[in-house]
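Please open the structure in your viewer and keep the sequence beside it. Each stop on this tour says what to select next and then what is there.

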Amino acid sequence: MGADRGLLQTAARAVAGFGVLALLLSGCTDDPEPIISTTPTFAETTSPTPSASASPTPSPSPSATALTEAEVLAQIPEDARNESLAGAVNFAAFALVESQAIVFTRNSVLFEAIASSECEFCEARLETLDAMLAADETANGDDLVVLTESALGGPQADGTWVIDVPVTVPQVDVLSATGEVTRTIEPAQYNARVLLRPTDLAWELSEVSAEAA
């Protein structure tokens, strides 16, 4: 798993653009196959609902009061809390959607609560939000679509879990303080690799890498 983690972090210091997961690319062609190579079965929907990015109302300061454990748990979907393949896949989807949602809501308290302090992808996403706030920019678009029905993954020798899952990034428009669209991120598809660590609460997002599909 040490090699996997190195690949996950290869390009995580790249600037994560608005809505573009794949600016954090890593070469996954030589990655070992996940321990579990079958698609998990889900009783519920196979993609996260809008509530997966249920951060507070847009525009609060990113330094807003940190959420309590109870508040964090209340926002994590119930089917994303268990230490199982289905739970890991659902949490990976939840975390990916939230990593995008912070540029729409302009609030990162939930994302920070579920992210490891050592997650370089997470740090890059927070830096993106900081830059957007400093420029008084906003972003409009739909949530990421995480194709959980196609996810593969499993536990690793060090106790972490790796989830490989296709992701569709819808179009994102970036607007200036006056409401003018200054740039548009075109829709695209990626293969994401998500590293998770089980916690007493649910899971922690440890790292993310992606490559164009």
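The tour goes from the whole chain to a sheet, then to pairs of side chains, and ends with a hairpin and a loop.

**Before you start**

What you see is a predicted model, in which local features need pLDDT of at least 70 and side-chain atom pairs count only at pLDDT 80 or more, while totals for chains, interfaces and linings use all residues. Residues are numbered from 1 along each chain as its sequence is written, and side-chain values use heavy atoms, with hydrogens and water left out.

**The whole chain**

If you follow the chain from the N terminus on, the elements run α-α-α-α-α-β-β-β-β-β-β-β-β.

Next, switch to a surface view. The accessible surface of the protein chain comes to about 9,400 Å², and 52% of this belongs to carbon and sulfur atoms; such areas come from the Shrake-Rupley method with a 1.4 Å probe, and for residues only the protein chains shown count as cover. Of the 213 residues in the protein chain, 46% are buried, where buried means under 20% relative accessible area, exposed means over 50%, and partly exposed lies in between (1.4 Å probe, protein chains only). Among contacts between residues at least 6 apart in sequence, 68% join residues at least 24 apart, a contact being heavy atoms within 4.5 Å.

**A sheet of three strands**

Now select S1, S5 and S6, which form an open sheet in the order S1-S5-S6 with antiparallel pairing; two strands pair if DSSP finds at least two bridges between them. Strands S1 and S6 are the edges, since each pairs on one side only. On average, neighbouring strands of this sheet are turned by 25° against each other, direction ignored. Between S5 (residues 172–175) and S6 there are four bridges, and the bridge partner of Val174 in S6 is Arg183.

Within H3 you can pick out Val97, which counts as buried because its relative accessibility is 1%.

How many salt bridges does a search of the whole structure find? The search finds three, a salt bridge being a side-chain nitrogen of Lys or Arg within 4 Å of a carboxyl oxygen of Asp or Glu. Side chains of opposite charge can pair when their charged atoms come close.

- Select Asp136 and Arg106, whose side chains meet in a salt bridge (3.9 Å, N to O). Asp136 is in the loop between H5 (120–134) and S1 (138–141), while Arg106 is in the loop between H3 (85–105) and H4 (109–114), 30 residues apart. Asp136 counts as partly exposed at 40% relative accessibility, whereas Arg106 counts as buried at 12%.
- Select Arg183 and Glu137, whose side chains meet at 3.1 Å, N to O. Because Arg183 lies in S6 (residues 181–185) and Glu137 in the loop between H5 and S1, the pair ties together parts that are 46 residues apart in sequence.
- Select Asp164 and Arg193, whose side chains meet at 2.6 Å, N to O. Asp164 lies in S4 and Arg193 in S7, so this pair ties together parts that are 29 residues apart in sequence. Arg193 counts as buried at 6% relative accessibility.

**A hairpin and a loop**

Stay with S7 (residues 188–198), which runs antiparallel to S8 and is joined to S8 by nine bridges. A hairpin joins S7 to S8 through four residues. Glu204 in S8 is the bridge partner of Arg197. Strand S8 (residues 203–212) is mostly covered, with seven of its 10 residues buried.

Last, select Gln156, in the loop between S3 (152–155) and S4 (161–169). Is Gln156 buried or exposed? Gln156 counts as buried, because its relative accessibility is 14%. The side chain of Gln156 reaches the backbone oxygen of Gly154 at 3.0 Å.

Definitions and conventions
Helices (H or I, at least four residues) and strands (E, at least two) are DSSP runs, numbered from the N terminus. A polar contact is a pair of N or O atoms within 3.5 Å; within protein, one must be able to donate a hydrogen and the other to accept it, and residues adjacent in sequence count only if both atoms are side-chain atoms. Axes are lines fitted to C-alpha atoms, for helices over the stretch in contact, and angles run from 0 to 180 degrees between N-to-C directions.
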